[in-house]
Amino acid sequence: MGGQSSLSEFVRYEQRGPIAVLTLDRPAKRNALDTATVLALGAFLADPPADVAAAVLRSSSEHFSAGLDLSELTHTSVFEGVLHSRGWHEPLNRIQLGTIPVVSVLRGAVIGGGLELALATHIRVAEPSAYYALPEGSRGIFVGGGASVRLPRIIGVHRMADMMLTGRVLDASAGLELGISQYLVGHDEGDDKAIELAGRIAENNPVTNYAVLQALPRIAEMGPNEGLFVESLMAAISQGSDRAKELLDDFLAGRAAKVIAQESGDGATVRETP
Ligand code: 1HE
């Protein structure tokens, strides 16, 4: 999968139909993430071209990302440190609470800020080589790209504390079991799986995709009564859209795909068109 153009020095961009394929391309530094890269990803995904309905975020090489470009942190003041971390929060929030779902392909090192970037994406597909670590502890720093907010909600505070205090590395199987990735595929199968999933996502009613990105994480932070009320509003908004009416009519007329179980074990369902 070769990039056709560039979003920034280290991010290649290719559009495949409704799917934007973003490729981290800094192999010599193991995709260490400088501020320009993080900003470019956030800016693109917050405001994608109108004909893009989903994105894939992948690496051109054997590692997803070795994390923050550590050369950016040397000799910075305390205040610059705050601004640097805040400079990650905004673009990663723009990805997570964006308008199009992002499927990431995780292989090799998914470390520190690389894991933080992955956690801001919505679907994570891992290859067997993927491993997850937070070496901030051994570098004398703390996470700064949102991991303390996003990761404990997935694996629990105690597991994240273990990763930071002891340098514990989680392998791809552990990552799947704990929910860091939703899928674990074979060696070199991540790109194809991500494109397949992004293609499925791109067929959805855009209002539903928007609701999943915007409402689900917010409802998860609300009390149950508030959450149920917002759910009702979101349900009404999505079912009131023209696309929802078409899709419901298709089903009732026997034209829609059916949902059947699949034995592949990767957690997906397949659709069968009658
Ligand atoms: C880097 C970085 C980086 C590699 N920033 N330059 N992340 C870390 O603490 C992880 C640091 N990296 C590693 O542990 C290893 O590089 C890897 C296990 C990922 C890969 O090892 P390897 O043997 O394949 O490569 P290498 O020889 O270690 O690295 C190749 C080059 O990339 C080398 O530069 P060179 O000029 O000597 O060739 C490395 O210095 C460079 N490199 N990783 C800068 N991260 C928002 S806050 C988030 C805070 C964090 O992310 S902390 C975790 C940082």
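Contact here means heavy atoms within 4.5 Å. The structure shown in these views is a predicted model.

**View 1. Contacts between the two domains of the predicted model.** The domain assignment divides the protein into domain 1, residues 5-202, and domain 2, residues 206-272. Their C-alpha centres are separated by 26 Å. On the side of domain 1, 14 residues are in contact with eleven residues of domain 2. The size of an interface is often expressed as the accessible area lost when the parts come together. For domain 1 and domain 2 the buried area is about 1,100 Å², and carbon and sulfur atoms contribute 46% of this area.

**View 2. Polar and charged pairs across the interface of domain 1 and domain 2.** One salt bridge is found across this interface. A salt bridge joins the side chains of R153 and E221, with an N to O distance of 2.6 Å. Four residue pairs, both members at pLDDT 80 or more, are in polar contact across the interface of domain 1 and domain 2. Helix α8, residues 190-203, supplies the largest share of the side of domain 1 that touches domain 2, namely three residues. By class, that side of domain 1 comprises six nonpolar, five polar and three charged residues.

**View 3. The open sheet and its edge strand β1.** Seven strands, in the order β1-β2-β3-β4-β5-β7-β10, make up an open sheet with mixed pairing. At its edges lie β1 (5-8) and β10 (183-184), each of which pairs on one side only. Strands β1 and β2 (residues 11-16) run antiparallel and are joined by three bridges. The bridge partner of S6 in β2 is R12.

Terms used: Residues numbered from 1 in each chain as written. Predicted model: local features only at pLDDT ≥ 70, side-chain atom pairs only at ≥ 80, totals over all residues. Heavy atoms only, no water. Pairing = 2+ DSSP bridges. Helix = DSSP H or I, 4+ residues; strand = E, 2+ residues; numbered from the N terminus. Domains from an automatic or database assignment. Buried area = accessible area lost by both parts, 1.4 Å probe. Salt bridge = Lys/Arg side-chain N within 4 Å of Asp/Glu carboxyl O. Polar contact = N/O pair within 3.5 Å; in protein donor to acceptor, adjacent residues only side chain to side chain. Nonpolar A, V, L, I, M, F, W, Y, C, P; charged D, E, K, R; others polar.
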